[in-house]
Amino acid sequence: MNTTTRLPGRIGPRALLITTAALPLTGWALHAAALHRQLAASRRDPLTGLLRRDAYTARARRLLTRHGDDATLVMVDADHFKAINDTLGHAAGDAVLAAFGARLTAWAGPRAATGRLGGDEFAIVAEVPAALLERRLAQLVRMLHTPVVLEDGRTVDVAASVGAATPAAVGTRDLSALQRAADAALYEGKHTGRAVFATAQHTTVASINGRRVGRPGTSTWGRAA
């Protein structure tokens, strides 16, 4: 009678075939995972961790469609940011932007669209019930006025201007119109230390890609939104 002896650790032909076939699949899985990480990284600003403009825009539009009148668009602009860079250096300015990114994320929560639109300009689309909106925005202003402590122990006094627009108040769920209204409201209350709520009249302010005309950098943005 013939007997077959299996050596310890030896892989049979079928197991070898399965293992060999799995290697390319494993390689592709690792490659796909790496591509996914790269794609996720490309969607986020490396300094603040917030969504870049394109990723923010796509997510913001989905949220506006999903939540309707319970959605709120908030524009945030750091006050006196150039002075921080000029007096304390760009490393301090980066630390302030990173702190703002963390605070905006904490305030808005993981389901919101929170983006850095450029420089010291940020935007959020989040679901906030109308009854809580004034209180929540006052909380945000307080958070953005809390001093930032640098790695070397220095403390930087910071502030930000905030404008908010809701579809119910403005009369539209269009993202560009809401951003235009919120941005106009923000500049109406610049340096006042309070959030300003947009009305339908704020949508009539001329804009370029949802940014108020006259805002720094708008001359290079292309066609009007």
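Two strands are taken to pair if DSSP finds at least two bridges between them, and the strands themselves (E, at least two residues), like the helices (H or I, at least four), are DSSP runs numbered from the N terminus. The model is a predicted one, so to speak of local features takes a pLDDT of at least 70 and side-chain atom pairs count only at pLDDT 80 or more, while totals for chains, interfaces and linings use all residues. Eight of the eight residues of β1 are buried, so the strand is largely enclosed by the rest of the structure; buried here means under 20% relative accessible area, exposed means over 50%, and partly exposed is anything in between (1.4 Å probe, protein chains only). In a regular strand the side chains alternate between the two faces of the sheet. In β1, A71, L73, M75 and D77 point one way and T72, V74, V76 and A78 the other, and all are buried.

Now for the cores. A nonpolar core is a set of buried Ala, Val, Leu, Ile, Met, Phe, Trp, Tyr and Cys residues joined through side-chain atoms within 4.5 Å. The largest one has 32 residues, of which V74, V76, L137, L140 and V162 touch the most other members. β1 (71-78), α3 (81-88), α4 (90-108), β3 (121-127), α5 (130-144) and β6 (160-165) each supply at least two residues of this core, and α4 gives the largest share, eight residues. Apart from this core lies another, of 23 residues, with L51, L73, V125 and A198 among them. As for V162, its contacts (heavy atoms within 4.5 Å), leaving aside neighbours within four places in sequence, are V74, M75, V76, L137, L140, V141, L144, L186, R194, A195 and V196.

What about the helices? Two packed helices are described by the angle between their axes and the distance between the axes. For α4 and α5, the axes come within 10 Å and cross at roughly 160°. That makes α4 roughly antiparallel to α5, given that angles over 145 degrees count as roughly antiparallel, under 35 as roughly parallel, 65 to 115 as roughly perpendicular and the rest as oblique. Axes are lines fitted to C-alpha atoms, for helices over the stretch in contact, with angles running from 0 to 180 degrees between N-to-C directions. On the α4 side, F100, R103, L104, A106 and W107 meet R136, L137, Q139, L140, M143 and L144 of α5.

Finally, R173 is found in the loop between α6 (167-170) and α7 (175-188). R173 counts as partly exposed, at 47% relative accessibility. R173 and L64 are 109 residues apart in sequence but 6.3 Å apart in space, C-alpha to C-alpha. Not counting residues up to four places away in sequence, R173 touches L64, T65, G68, D69, P167 and L178.

Key
Residues numbered from 1 in each chain as written. Heavy atoms only, no water.
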